[in-house]
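Hi everyone, thanks for coming. I'd like to walk you through a few places in a structure that may be new to you, so let's bring it up on the screen.

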Amino acid sequence: MRHLNSNSLIGVVVVAAVVGGILSASVSRMAGQATRPDRIDGRPNLSGIWQVNNEANWDLEAHAARPAMITQPGVYPYAYTRLPAPPVVALGAVGAVPGSLGVVQGDGQIPYTPEALARKQENVENWVDRDPEIRCYVPGIPRAMYMPYPYEITQSTNQIHMAFAFSSTARTIHMDDGVAKPPDYTYMGHSVGRWEGDTLVVDVTNFNVTGWFDRAGNHHSEALHLEERFTLVTPNVINYEVTLEDPNTFTRPWRIAMPLYRRVESNMQLLEFRCQEFAEEFMYGHLRKEPLVSHWESATMEIDITRKIPEGDAFYDWYSR
Amino acid sequence: MRTRTIGFMGGAIMLAVAASLFTITQTGVAGQTATGAQADSSIRTPWGEPDLQGIWTDEFDAPFERPERFGDRAFMTAEEQAGLDEQRAGLLSRDRRVERGTELDVAGAYNAVFLSFKRTSRRTSLIVDPPNGRIPELTPEAQARAAEDREFRLALLRSTDTCKNGSVACRGGEYNPEPSPRRAEPAPRYNTGRMNRHDNPEDGSGGDRCLSGQIAEFGTAFGGSFRRIVQTAGGVSMYYDVGQGQGFQRNIVMNGSPHLPDSIRQWWGDSRGHWEGDTLVIDVTNFSPKRDFRGSRENLHLVERWTRTGSESLEYEVTIDDPTVWVQPWTVKQEFRKQSDQENRIYYEPRCYDGNYGFPSLLLAARLAEQMYAEGKGPHPATNDNATDFVGVEDNPLR
């Protein structure tokens, strides 16, 4: 993410500001899209459909490509010779993890406390059982912002609404301070926004403890506090930066940054991704009268799929008494 | 085993989201004319479009279909309204207990605490057209489908106490201690309702699977329904809070383009909107065959009209059409009241699914009942009723 460090970002913003000034009187009309003014109530108009084009949802930190999200020892004793583990081995190259320079700013590492780092390592080993994405749970913020699914921003004056294809979730950013917080901890948090010049700054609190940042087991507690910054650097690119604070999990605040890209296709619209239905077999398949998947077969291999019961799951604990 | 099964069922039904059982009949309209809405043109966004924004709900309860005693009268008198309010205030509803230890009593564990009773509307039905306030007659093919579906569900229920005791849940069927061979058949259509079988997740109702929450949306007894509308220039987004965390979003396509290709089918359809004067008109098609609105599936066609009628009011009118199901289109109207943005009483997280312990409990209880029966320790699983759950709903005078 060297190209997005703060110095060059300032450059981009300056250039964008100049270009933006030239364009400010105009109205952008994509073929097939409704008229979208450049500004709403005097502020940059972030409305439209957006999506990242990066590897953040696999792993926020810098990482080389690896064979799978969950691996097992190979014939050599080295970490770099591990092989895909049974639950994903049938996916072959499709199950592999693309490499990335990461989106964590500074030294590229998340500053975990020792206990939280141990928890992250455990999460990696138990990815299939613990990653909320696999179960189609509500993805949380910031993860929903960089999952490989589009989302639609609807910018009004006192509210900015974001609707996410994944799991049909949404968040509303309240531009009026003093809007009542939800009475409970939430996946998506409570978002209060303000404008600092042309940058939308959003303060997010009220998180629950179940959220993950990515498929690599990076996690947080309910003390998570985010400050997001959205800056439109060209009509079709937002620079998205988040400062993350959580004294239960991290030794200091840290920051991620990435561009969000407008989906410029003329016929772009948000389609449903109601994955609850898709995860049902994973969640409940073992409770069928006649399970559909006891083992998978092909010409060359037979794979037993083991679905471990999540540790501490109250429901299963109750029934195993 | 008997007690054990009931215990499992209790857990299941207590926790399963039963919203779908109560959908549609409970919300209402305050009392407006049955003619076209009068827009308040002064309420506009800074970019000049009619302003529909806010959190909106129907603050009154009206019957969905008009009870026959009202005939062609669209509105009741103030006396009738007061009488109904008094009658409803005295209802035990789901706090009513039936015989202790019976399956039906346990099924009432989802008691009245979970329900919301609003003041009675002056309107005698949400349906404003046809003029009798009733859903039009089903087409012969739709009647045949409904009968086939009912027959299948009754077959699954026939060996239970529910049928033995002549409960209304067994209406049209009869008790037969011999379990039906149809227990091994797939449902005649993709199942969306409660059935007395839990061999597979697909045997669960949409509500139990946390796959309910659909348009057309007329609320449930579990807290009614709320929708937040946020607009931008040329864009409208809605989020529905309905049915205990089965909320969903709609992003209305406003660019004048045609509907999605026929091959793309969605749970909430494909919403394409335009302004007609000060009214937002949304045409909704491309529904999935996996959802069911009163028998209508992939051929459902909605035309919605949203009109801001005042600073605190929004009129919603929807014409519902499916020539494969009803002999004519029909229209429902609701008047929504604006709710406080500051109080922010809308719940965004479709958490029904994330916290759904009830549904795997239903499946697991069914597996355990089979195991106990196989070991000679329990009754035939077909004699258990894990589907019926309507304690106290039958005496609601608005039904």
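In which sense, parallel or antiparallel, do strands E1(B) and E5(B) pair? They pair in the antiparallel sense, over three bridges. Before I go on, please keep in mind that this is a predicted model.

Let's stay with E1(B), residues 54-57 of chain B. Trp56(B) has Arg227(B) as its bridge partner in E5(B). E1(B) also runs antiparallel to strand E12, residues 330-339 of chain B, joined to it by three bridges. There, Ile55(B) is bridged to Gln339(B). In a regular strand, side chains alternate between the two faces of the sheet. In E1(B), Gly54(B) and Trp56(B) are on one side, with Ile55(B) and Thr57(B) on the other, and all are buried.

Now to another strand in chain B. E7(B) covers residues 248-252, and five of the five are buried, so this strand is largely enclosed by the rest of the structure. One side carries Phe248(B), Arg250(B) and Ile252(B), while Gln249(B) and Asn251(B) are on the other.

Last stop, chain A. Gly48(A) is in strand E5, residues 48-51. Why does Gly48(A) count as buried? Because Gly48(A) has 24 C-beta neighbours inside 10 Å. Beyond four places in sequence, its contacts are Arg36(A), Ile153(A) and Arg262(A).

Note on methods. Residues are numbered from 1 along each chain as its sequence is written. Chains are lettered from A and ligands numbered from 1 in the order in which they are written. This is a predicted model: local features need pLDDT of at least 70, side-chain atom pairs count only at pLDDT 80 or more; totals for chains, interfaces and linings use all residues. Helices (H or I, at least four residues) and strands (E, at least two) are DSSP runs, numbered from the N terminus. A residue is buried if 20 or more other C-beta atoms lie within 10 Å of its own, exposed if 12 or fewer, and partly exposed in between; C-beta atoms are placed from the backbone. Two residues are in contact if their C-beta atoms, placed from the backbone, lie within 7 Å. Two strands pair if DSSP finds at least two bridges between them.
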